[in-house]
Each structure stands twice: as structure tokens, then as C-alpha cells.
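Grab a pencil and have the structure open beside you. Try each exercise yourself before you read its solution.

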Amino acid sequence: MAYDPARQRCLLLGGEDGATFLGDAWEWNGQRWSEIPYPFPWGHSDALLAYDPIGRGVLGLLFDGALAGTWLWDGASWSLAAGPDRTPQNVFGAAVATAPSGVLMFGGGPTRPHADTWLWNGRFWTQVRYVVEPPRRAFAHMAFDSSRGRVVMSGGAAGGIQFTDTWTWDPRNGWLPVATGPAPAIGRMVYDAHRDRMVAVGATFGPRFQPPVHPWGTYELDSATQTWRQRSPATEPSTRNLPALAYDERRRQVVMFGGRASTPLSETWLYEPVSPASFGTFGMSCGGASALSLVSPVPAALPWAGFRFELAVRNGPSGPRAFGAMLVGSSMTRWGGTPLPLDLSMLGLTDCNLYVSPDLAAPLRPLPSGQLGWAADVPDSAALIGASFFTQAIGGHVTLPPSQLQLSQAGAARVGGL
């Protein structure tokens, strides 16, 4: 399965029903499945699909029969983009994903896995060699990190060896190792662009695929910290092998279909936050044109339960005697017995208001982005999901009178989670 952003549909191709390979294709529009043409005279169990940003269609690699080759679905019909003589061979079980300038493919060949890297540029495939490459493998999972313009690959197997390593690829740096388990070795992976997370479903089995070392479940890679963790959503699909997976960018949902348990499954599952995280500002800054100002975080840095919340401050004080702090409170209406907002003109701070209860004052520090701000790890607790807290930055210089303090506008944050 692959997502088609041009038509905002998930495309599902082939599979097997326990008795035969299936020769059908379907699109998911967020509510229902609709069958589309499948022009091949044979069924297919594990076609490779990825969106081609150059051809503006879903690229499909098929391996068997007279019509094997590289095909493109444009939303109305299939066309042969490259015949079998111009399509890489021995790539059954390869990993494939959208790349910054086309489509990237790695590995494959289940009987004798290899470590070949191929690039599709909209017209033909080119094999590329690198000094540093991932170990040979088949059935790895791969997804395009559109925020950073790179491909992330994890998992896979070669003989009795299973991999839980994680690699990134981009046109400038080639392959780089970035993280290790507990990523699932056998599974599927997509990129959740709204939350900036790689989402994988699957498991890592014991020697010779005996009971799991990492059990079946949902795993997420924090793209900022390159750390994998297993998630525990309130509702989760039952154990299954190799379902189809895609990320619906428009609806901000991971879509999963099918897979095999004791028999093939025909279930459609959606993975998305039960309660979305949010952040917004209110009130006004004080201190002139260069006053402190809160910078709304990118979606990935919103207050998600179990992840880091980052809030930057523009025009932060600088110099050897400068100080700055983030006031964090549980209320925007009262501070003890004092109503909020509180007019601070009695301190000489004209047109300044305290908007939040200052239950905590945390120093402003440089963030990984290089900006000045405040960051906090939100506990991974279901009890916090839906809870709100409020922020306001304060700063100045210790040699100046209180009347020259600056306060930012206030922020209202809501903790989101699965």
C-alpha cells in the first residue's frame, strides 16, 4: 500500500487470500474502499509501491510474467514506465520509498539477500554504490521523512539474522546509521508528518523466528532524538504478519489493512491521536518593538504525552547580565487568590500583564534548533492527556530597574496523546 498525495488516496495492490495470489487493486478515500483497474493477467503477493513525485503517480514494481516491470498509476490508468529489461532484478522483498528526487529502493532477494541501492529518477533506475552501506537484507521497511528530506530504513532479515538497526539516506550523505532497537525487525513503517514520528508495526522474533524478543505492537521513532519506543494505544490490532501500511497525509492517519494471523485478515485500522496536542497564544507582549515573543512550536514539538515539548522565545535577552525564564502555570484565571490577568503597572511595567499563574519558573536555554527557549519532557501518562497548562516568558538585565523587564504574550498548551 502507498499514499498518493496528488489524489489523496491510499492505493492497495494485490496480496493473497490463503489460496491464491490476488489480482485486484483498491483505493481508500478515508471512509471506504473502491476498486480500481488492475491490468495484469496474474495475481501478485508483494508488489513494491511508492509515490513518484516526478511522475506524480504511484510507482509499482512487479516481478513475474511477461508484463513484469515498473508501472505508474496516475489515478486513471496504468502505464509501463520501464520494462523488465530496465527494471532491477532479484528485488522481491526489497524496501522502497519516496525520495527527494524520485524513489529509493534497497536490498531484497529473499533466498540470497543483497545490499544494492537503486534510484528511480522518473525515467529509469540507476544503481548507486556507497562506501558505507547497510548490511544486506530483505523485507526491511522504509519511509520518507519529508521534514528533513531523507529516507529512513529499519528492520529486515538475512537468513536467520534479524535487524533492528536504523539507517537514513539522503542524496548528499548517502547511508548513515542513526539508531538501534527496539524497532521491529519484521513489519511495516510509515512517516507521520504531523507528529514527526516514524510509525512501525511488527515484531522482532527470537532465533529462527521463535517467540518474539520485541513483541508485536506499535513502535515509534522520535525523529529529533532518534529513539525508538513501543507505544501502548488504548485499542490496538491483534498480532498479525506483514499488513499493508500507509500514512494518509490529508487526514493525518496511519492506515493499516489486512495481514496474516492464522488466516489472512480483511480488517482496516486507523492510527491517530485520541486527543490532538495543541498550542496557541493570547494576550500581548510588553517592552517595545523588540519585546519577548513566544514562537509557536512545529507540530512535532507540541506537547504530546511521552515526548518533548519545545517552545522558543524570540528577542530573548542577551549579554553577561541578562536573564530569562519561562513561567509555567496551571491557570490563566487565578494565581492563588489573585485574579488573572494581573496589571503590573504598579511595578512601573506600563501596559504589562501577568497572564499565567507562575507555579514554575524555568530558565531559558538554547534549544537544539539554536533558538532560545524552554523544553520539557511530557510524561507518558494517560492521566495527562487533555490536560492544559499555560506559559509566559520574562526577561531583562540584572543591572536595570524592574520597570524595564519584558514579558511575552502568553501561551495555552493542551497535552495530546494516543
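**Exercise 1. Work out the order of the strands in the sheet that contains S13, and find its edges.**

Solution. Keep in mind that this is a predicted model.
- Step 1: Walk across the sheet. Its 4 strands come in the order S13-S14-S17-S18, and the sheet is open.
- Step 2: Check the directions. The pairing is antiparallel.
- Step 3: Look for strands that pair on one side only. These are S13 (141–145) and S18 (174–179), so they are the edge strands by the pairing rule.
- Step 4: Ignoring direction, neighbouring strands here are turned by 25° against each other on average.
- Step 5: S14 (residues 150–154) and S17 (residues 166–170) run antiparallel and are joined by 4 bridges. There, Val-152 sits opposite Thr-168 in S17.

**Exercise 2. Which strands pair with S38, and is S38 mostly covered or uncovered?**

Solution. 
- Step 1: Start with S26 (residues 278–282). It pairs with S38 in the antiparallel sense over 5 bridges, and Ser-278 has Arg-414 in S38 as its bridge partner.
- Step 2: Move on to S37 (residues 388–397). It is also antiparallel to S38, over 7 bridges, with Gln-392 standing opposite Ala-410.
- Step 3: Now check burial. In S38 (residues 406–414), 7 of the 9 residues are buried, so the strand is mostly covered, taking buried as under 20% relative accessible area.

**Exercise 3. Is Ala-68 buried or exposed, and what does it touch?**

Solution. 
- Step 1: Find Ala-68 in the loop between S6 (57–62) and S7 (69–73).
- Step 2: Its relative accessibility is 8%, so Ala-68 counts as buried.
- Step 3: List the contacts, leaving out neighbours within four places in sequence: Trp-42, Leu-62, Phe-63, Gly-83 and Pro-84.
- Step 4: Ala-68 and Gln-127 lie 59 residues apart in sequence, and their C-alpha atoms are 19 Å apart in space.

**Exercise 4. Describe the second largest pocket and its lining.**

Solution. 
- Step 1: Its volume is about 520 Å³.
- Step 2: It is lined by 25 residues, and the closest to its centre are Ala-224, Ala-300, Ala-301, Arg-308 and Glu-310.
- Step 3: Sort the lining by type: 12 nonpolar, 5 polar and 8 charged.
- Step 4: Ask which strand gives the most. That is S28 (residues 308–314), with 4 residues.

**Exercise 5. Sum up the chain as a whole: how many helices and strands does it have, and how much of it is buried?**

Solution. 
- Step 1: Count the elements: 0 helices and 38 strands.
- Step 2: Of its 418 residues, 51% count as buried.
- Step 3: The C-alpha trace spans about 85 × 45 × 40 Å along its principal axes.

Notes: Residues numbered from 1 in each chain as written. Predicted model: local features only at pLDDT ≥ 70, side-chain atom pairs only at ≥ 80, totals over all residues. Heavy atoms only, no water. 1 Å grid on protein atoms, 1.4 Å probe; cavity = no way out; pocket = protein on both sides within 12 Å on 5 of 7 lines; lining within 4 Å. Points joined across faces, edges and corners; volume = space filled by probe spheres on them. Helix = DSSP H or I, 4+ residues; strand = E, 2+ residues; numbered from the N terminus. Nonpolar A, V, L, I, M, F, W, Y, C, P; charged D, E, K, R; others polar. Buried < 20%, exposed > 50% of the residue type's maximum accessible area, 1.4 Å probe, protein only. Contact = heavy atoms within 4.5 Å. Pairing = 2+ DSSP bridges. Axes fitted to C-alpha atoms, helices over the stretch in contact; angles between N-to-C directions.
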